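Please read the following note alongside the sequence and the structure. The points take up selected helices in turn.

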Amino acid sequence: MAQHEKLIIMGSGPAGLTAAIYAARARLNPLVIEGFEPGGQLTLTTEVENFPGFPEGIMGPELMENFKKQAARFGTKFVLGNVEKADLKKKPFHIWVGSTEYTCDAFIVASGASARWLGIEAEKKYKGRGVSTCATCDGAFYREKKVVVVGGGDSAMEEANFLTRFASEVTIIHRRKEFKASKIMLERAQKNPKIKWLFDSQVVDINGEGTVAGIVVENLITKEKKQIEIDGVFVAIGHVPNTVVFKGQLPTNEHGYLLVNSETTMTNIPGVFSAGDVHDLRYRQAITAAGSGCRAAMDAEKYLEGH
C-alpha cells in the first residue's frame, strides 16, 4: 500500500526546506524527500557570507542543518533517497523513492540543478577547498590570489569578470579559441586587464596540500602538459537541472529547466509546483531559492484549501 501525504517536497536545499518550514507551520505536515545529498549545493561550500542574518558568515553545511532543524521543529518528516519515478498524470500523484510508493495531493519540485563538473578524480577531493562552481558564493575568499575559470559560455565570462573584483589574476581556460559566450559578455571579459586566456586547453589534474595549490593543464593540440600554480579553480561549464524523472510530464525550456506560471510557482499540472534552481537558470542563489520555496509552499497551501 502506498503511503499518502497531503504534500510531498522533493529536495532539501534552501528551496525545499524553506517550503517545508512554511508548509509545516500551515499544518500541512509535509514530507521532504531529501535526495542522497541532503542540503544541496550549499553543503559543498565553505563559508557563506551573503545569506542575510549572519553578519559574520556561516558554514554552508551548518546553514543547511539549521534549515532542516527549523523545518523539523514544526513537524516536517524526512526520507533519505531519490525520486526514482513519478506519475503526475493522475490524482493523487504517485511518487516512488526506491521501491517505496507514496501518494500526495500536492507536490513541490525543489530538486535543484547540479553543476557540471570537469569529471576528473581530483576535483572531488578539492570541492569546497579551492574548487568551486559559484564565484558569487566563494569569490571573496580569493582576495589578491590567482584563480582560473574553466568554460567558454556566458556563465564563464560572468564568473571571470566577477572574480576580478577580488583576485589579482584570473585566467580563463577553454578547449577552443571560439566561444559560446554572447558577444557583449566576451568583449567585456576581453577588455578586463585582470583576465588572461589559455586556449585549446583542458585541466587534467588538480593538486595541493589540503587546499588547491596548482593545476595540470593539457594542450589539446600539442598534447603538452604543464603545471600552473594557482589558488582556486572555478568550474563554469553549465548546470543540469534535475528534471529527468519528469520527462514527458512537466514542460521544460530548451535547457531542461521547468516552466512555471508567470504569476505563481505552479507548473502546467494543477497541484504540482516548482521552487528554486530547478526552474531558475538566472539567479541560482540560496536566498532566491529560499524565496521561491516560500512562494511554492503558499501556493500549495492555497491549492489544497480549494481542493
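Helices here are DSSP runs of H or I with at least four residues, numbered from the N terminus. The model is a predicted one.

1. Helix H1 covers residues 14-25, 12 residues in total. From its first C-alpha to its last, H1 reaches 17 Å, which is close to the 16 Å expected at 1.5 Å a residue. Just after H1, Arg27 takes a positive phi of about 65°.

2. How many of the 12 residues of H1 are buried? The count is 10, so H1 is largely enclosed by the rest of the structure. Buried here stands for a relative accessible area under 20%. The buried residues of H1 include Pro14, Gly16, Leu17, Thr18 and Ile21, and Ala15, Ala19, Ala20, Ala23 and Ala24 are buried as well.

3. Against which elements do the buried residues of H1 pack? Among the strands, their partners are S1 (3-10), S2 (31-33), S5 (77-79) and S8 (100-109). Two helices, H2 (60-73) and H7 (286-306), also pack against these buried residues.

4. The axes of helix H5 (residues 154-163) and helix H6 (residues 183-190) come within 9 Å and cross at roughly 30°. Angles under 35 degrees count as roughly parallel, and H5 and H6 are therefore roughly parallel to each other. Their crossing is left-handed.

5. Which residues make the contact between H5 and H6? H5 contributes Asp154, Met157, Glu158 and Asn161, while H6 contributes Met185, Leu186, Arg188 and Ala189. By class, this contact has four nonpolar, one polar and three charged residues.

Key:
Residues are numbered from 1 along each chain as its sequence is written. This is a predicted model: local features need pLDDT of at least 70, side-chain atom pairs count only at pLDDT 80 or more; totals for chains, interfaces and linings use all residues. Side-chain values use heavy atoms; hydrogens and water are left out. The expected span of a helix is 1.5 Å times one less than its number of residues. Buried means under 20% relative accessible area, exposed over 50%, partly exposed in between (1.4 Å probe, protein chains only). Contact means heavy atoms within 4.5 Å. Axes are lines fitted to C-alpha atoms, for helices over the stretch in contact, and angles run from 0 to 180 degrees between N-to-C directions. Angles under 35 degrees count as roughly parallel, over 145 as roughly antiparallel, 65 to 115 as roughly perpendicular and the rest as oblique. A crossing is left-handed if the near helix is turned anticlockwise from the far one by less than a right angle, and right-handed if clockwise. Ala, Val, Leu, Ile, Met, Phe, Trp, Tyr, Cys and Pro count as nonpolar, Asp, Glu, Lys and Arg as charged, and the others, Gly among them, as polar.
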